[in-house]
Amino acid sequence: MASFFSRYAFSVKPQEALLILITMFWGGTFLAVQYAVTLSGPFFFVGLRFAMAALAVGLMSIRVLRGVTWLEIKAGVAIGVSIALGYGMQTWGLQSISSSKSAFITAMYVPLVPLLQWLCLGRMPGLMSCIGIVLAFTGLILLAGPEGNLLALGKGELITLACAVAVAAEIILISAWAGKVDIRRVTVIQLATASLVAFFAMLPAGESIPPISNGLLFVAVGLGIFSAIIQVVMNWAQRSVSPTRATIIYTGEPVWAGIFGRLAGERLPLLALLGGAFIVLGVLMSELKFKKKQAPAQVPDKPENQPD
């Protein structure tokens with residue numbers, strides 16, 4: 001056993017540690033969102049939330065916004081559309097399917113990320129990342145506790161499957177442009193785009209503008225500021241963190257959501273706790289790296305006539 005661990009090195013970069021931290025707080029926002037949707041339709045709240053986030057980052061980035069480039073506009077719009085679709089379509093799908101089935105289908109973004117990065121970017125994930133993906137995906141299935149026939153895809157299932165593709169696309173797009181653009185400018189553009197797309201999505205969803213209450217504004221502003229922090233950290237950290245590793249870290253969100261839910265009085269069944277353990281194990285396995293064995297130094301042959 002000792003020889004097995006001696007072949008690997010476990011390390012967490014500062015960027016990865018920050019992603020783990022925001023994932024922890026990300027999971028804790030579940031209770032706030034759960035309260036918000038009792039006051040507003042899903043797409044209006046998503047639009048309002050990201051409008052607040054765009055405003056917060058925009059006020060801190062007024063000077064740098066003057067130098068915005070066409071590449072940054074293109075990157076921000078593409079990422080913003082994927083963000084809006086990821087947040088909005090999952091909530092829309094929940095109107096016609098159970099939360100457990102939604103969680104399982106949304107979890108499809110875990111294997112979709114390495115698949116899409118291979119197809120679109122030509123980047124093959126490493127062996128340990130693949131093992132981590134399998135473990136994390138298995139954990140998400142156990143955590144969600146799917147029931148019934150998952151292969152019978154109706155309207156809600158198809159909408160949620162599109163959500164999984166959008167989440168995978170967001171992670172890959174951030175990594176593709178992270179080292180080529182200004183973080184603050186792109187963050188403002190993508191948050192503003194996500195807000196506009198969510199507001200426009202109210203039309204096909206049949207939503208109307210709800211009464212604006214103090215509670216709704218408080219949650220929207222709070223989560224908006226937090227969303228701004230999340231996007232800035234993601235854009236910065238994924239300059240040096242691969243899409244596959246970022247995906248594994250993000251799968252910790254339901255674990256943290258379960259922990260905060262338990263503190264709020266919810267109780268997870270044993271199967272869900274086992275799923276959480278699989279996800280944590282997947283995160284750990286994805287961080288293991290092969291150590292290359294150094295070849296032993298070659299001792300030159302001694303001439304026959306040379307004395308000892």
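Author: In this predicted model, the largest cavity has a volume of about 60 Å³.

Reader: How many cavities of 30 Å³ or more does the structure hold?

Author: The structure holds one cavity of 30 Å³ or more.

Reader: Which residues line the largest cavity, and which helix gives the most to the lining?

Author: The lining of the largest cavity consists of Ile-79, Leu-173, Ile-174, Trp-177, Ala-178, Val-181, Ile-183, Val-186, Asn-235 and Arg-239. Helices α10 (155-177) and α11 each supply at least two of the lining residues. With three residues, α10 gives the most. By class, eight residues of the lining are nonpolar, one is polar and one is charged.

Reader: Which residues of α4 and α11 meet?

Author: From α4, the residues include Phe-43, Phe-44, Val-46, Gly-47, Leu-48 and Phe-50. Among those they meet in α11 are Arg-184, Thr-187, Val-188, Leu-191 and Ala-192. The residues of the contact of α4 with α11 comprise 19 nonpolar, four polar and one charged.

Reader: How are α2 and α12 oriented to each other?

Author: The axes of α2 and helix α12 (residues 214-237) cross at roughly 155 degrees and come within 10 Å. The two helices, α2 and α12, are therefore roughly antiparallel to each other. Here α2 passes α12 in a left-handed crossing. On the α2 side, the contact is made by Gln-15, Leu-18, Leu-19, Ile-22, Phe-25 and Trp-26. On the α12 side stand Phe-226, Ile-230, Val-233, Met-234, Trp-236 and Ala-237. This contact of α2 with α12 has 11 nonpolar residues, one polar residue and no charged residues.

Reader: At what angle do α2 and α13 pack?

Author: Helix α2 (residues 14-28) and helix α13 (residues 243-250) pack at about 35 degrees, and their axes are 9 Å apart. In this pair, α2 passes α13 in a right-handed crossing. Glu-16, Leu-19, Ile-20, Thr-23 and Trp-26 of α2 make the contact with Arg-245, Ala-246, Ile-249 and Tyr-250 of α13. The residues of the contact of α2 with α13 divide into six nonpolar, one polar and two charged.

Methods
Residues are numbered from 1 along each chain as its sequence is written. This is a predicted model: local features need pLDDT of at least 70, side-chain atom pairs count only at pLDDT 80 or more; totals for chains, interfaces and linings use all residues. Side-chain values use heavy atoms; hydrogens and water are left out. Contact means heavy atoms within 4.5 Å. Helices (H or I, at least four residues) and strands (E, at least two) are DSSP runs, numbered from the N terminus. Ala, Val, Leu, Ile, Met, Phe, Trp, Tyr, Cys and Pro count as nonpolar, Asp, Glu, Lys and Arg as charged, and the others, Gly among them, as polar. On a 1 Å grid over the protein atoms alone, a cavity is a set of points where a 1.4 Å probe fits but cannot get out, and a pocket is an open set with protein on both sides within 12 Å along at least five of seven lines; lining residues have an atom within 4 Å of a point. Grid points are joined across faces, edges and corners, and a volume is the space filled by probe spheres set on the points. Axes are lines fitted to C-alpha atoms, for helices over the stretch in contact, and angles run from 0 to 180 degrees between N-to-C directions. A crossing is left-handed if the near helix is turned anticlockwise from the far one by less than a right angle, and right-handed if clockwise. Angles under 35 degrees count as roughly parallel, over 145 as roughly antiparallel, 65 to 115 as roughly perpendicular and the rest as oblique.
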